[in-house]
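Colleague: Could you take me through this model slowly, setting each value against its definition?

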Amino acid sequence: MPDSIRLALAIAGKDIRAELRSRTALQSALVFAALVLVVFNFARDPTSLAAVDLAPSVLWVTFALAAMVALNRAFTVERENSALDALLLAPVPREALFAGKLLANLAFVGTVELVTLPLFVLFFNVSLGHALPGLIGVSVLATIGFVAVGTIFSAMAVRTRFAELMLPVLLLPFMVPPLIAAVQVTSRLLSNRPLSEMWGWLRLLALYDVVFVTLCMMAFTAVVDE
Amino acid sequence: MTDFPPAAKVVKRGLAISTLGLIGLAGVFVLALGFTPVEARQGLAQKIFYLHVPSAWSALLAFSLVGITSALYLWLKDPRLDRFAAASAEVGVVFAAVMLTTGPIWAKPIWGTWWTWDARLTLTLFVFFLFLGYLALRAAVHDAAERARFSAVVGILGMLLVPFVHLSVYLFRTLHPQPIVLKPSAPSLPTSMLTTLLVSTVVFTLLYVGFVTTRYGLTLADEVREDARNAD
């Protein structure tokens, strides 16, 4: 296994282990996601709008908000005791460092999404049926893109004033293309439309992932190195 | 301090170009109201096109240049590039605000609604928000070198967000008028309209250059003052 992949996995492993030992961030993010779902249910007039019509947008707004909470955490833990400086002193290529952080964030956001999905089915009375594999696929595609951008912005945001506010302000515009695409695909999946109707959106998502993962990986060194 | 190009000179030059641009803008109003025909179907509402399209052009120019200078900054680390990117982003936000206000004024009589969640409108709005975020980030980072690096990264990522804006226009069903001038076939509008539009585009470009130069000079003056204070 090439060295940089091994290093990236080691960094991701460190983050995941640290999170599993405390579990505070994961638990709060899960409770937060569940609360957003509940609030959404009361934010609609049940006599005029069926839950299922709103379902794709609710799902993706919940995912986006939960991801924001999760991403804020990614570099705040590194700021404590200047842990990031220690990481930067280690002979790790910055690309591997970014990849490790990205993987850990993906694991974190992915877990939140996996737990949110059954709650969403329960609260919004959606029958997933054979849409489930497709839904997981589009979730993976959309999440990779915005978590990559979120990872680099989170590294910047912790070094600014109003860090908690800076991340959403920077990240939300970047979330818009993947969210539009994901909502379009999800609503077509839930109404059993053929794949040909989603193809364009899926390609947009894949392209977004390739462009932004590569670019963020390249730009990461400019963020962490003096 | 003496090796700094005098900031006042840059500001003066910027103000001169801006004044020239403002005189040109008055000319555009005369051309648009007196010289061009009234469009058959849209009536007088179409006149706003001579402001809306050029301001969209200037905003696009501003944001593209932020992207390009950001990329160059990470490569060359020249503070002039960072200063330019900051000025261009600020001016771009102003032109985008003009575009986003003239659009609804036209849309109300023609589409029957001030705003619609059409793909191009939505994403232009989000590019506008992106640059508001860019300026917010600049304000929130204290260290000058760090501010320059961070905003360069956001500038580059922002530039790459724009093609995704364009891509989604073709995927989403769109209400926005399709290109009339910049399209593969010849422009489909009368010569007088085209001339006015081109004049207006030149004027708006001039305004962009004037505003950016002024802003650049002011940042320079700020830095000189900051240096003088630190030297004490």
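Predicted model: local features only at pLDDT ≥ 70, side-chain atom pairs only at ≥ 80, totals over all residues.

Colleague: Where does Val38(B) lie, and what does Val38(B) touch?

Modeller: Val38(B) lies in the loop between helix H1 (7-35) and helix H2 (49-76) of chain B, where helices (H or I, at least four residues) and strands (E, at least two) are DSSP runs numbered from the N terminus. Not counting residues up to four places away in sequence, Val38(B) touches Gly43(B) and Leu44(B), and two residues are in contact if their C-beta atoms, placed from the backbone, lie within 7 Å. The C-alpha atoms of Val38(B) and Leu157(B) are separated by 42 Å, the two residues being 119 apart along the chain.

Colleague: Why is Arg23(A) called exposed?

Modeller: Arg23(A) has 10 other C-beta atoms within 10 Å and is therefore exposed. Its place is in the loop between helix H1 (3-22) and helix H2 (24-42) of chain A, and its phi is near 60 degrees, a positive value in a residue other than glycine. Most residues other than glycine have a negative phi.

Colleague: How do you know that Asn192(A) counts as exposed?

Modeller: Asn192(A) counts as exposed because it has 9 C-beta neighbours inside 10 Å. Asn192(A) is in the loop between helix H7 (163-190) and H8 of chain A, and its phi, near 55 degrees, is likewise a positive value in a residue other than glycine.

Colleague: What makes H5(A) and H8(A) roughly perpendicular to each other?

Modeller: The axes of helix H5 (residues 94-124) and helix H8 (residues 199-224) of chain A come within 8 Å and cross at roughly 105 degrees. Axes are lines fitted to C-alpha atoms, for helices over the stretch in contact, and angles run from 0 to 180 degrees between N-to-C directions. Angles under 35 degrees count as roughly parallel, over 145 as roughly antiparallel, 65 to 115 as roughly perpendicular and the rest as oblique, and H5(A) and H8(A) are therefore roughly perpendicular. In this contact, Arg94(A), Glu95(A), Phe98(A) and Ala99(A) of H5(A) meet residues of H8(A) including Cys216(A) and Phe220(A).

Colleague: How do you know that the radius of gyration of chain A agrees with a compact globule?

Modeller: For 226 residues a compact globule would have a radius of gyration near 17 Å, and chain A has 18 Å, which agrees; the radius is taken over C-alpha atoms, and the globule rule is 2.2 Å times the number of residues to the power 0.38. Chain A comes to 8 helices and 0 strands, and buried residues make up 42% of its 226 residues.

Colleague: How many residues does each chain give to the contact between them?

Modeller: The contact takes 24 residues from chain B and 24 residues from chain A. On the side of chain B that touches chain A, the largest share, 14 residues, comes from H5(B).

Conventions: Residues numbered from 1 in each chain as written. Chains lettered and ligands numbered in written order. Buried ≥ 20, exposed ≤ 12 C-beta atoms within 10 Å, placed from the backbone.
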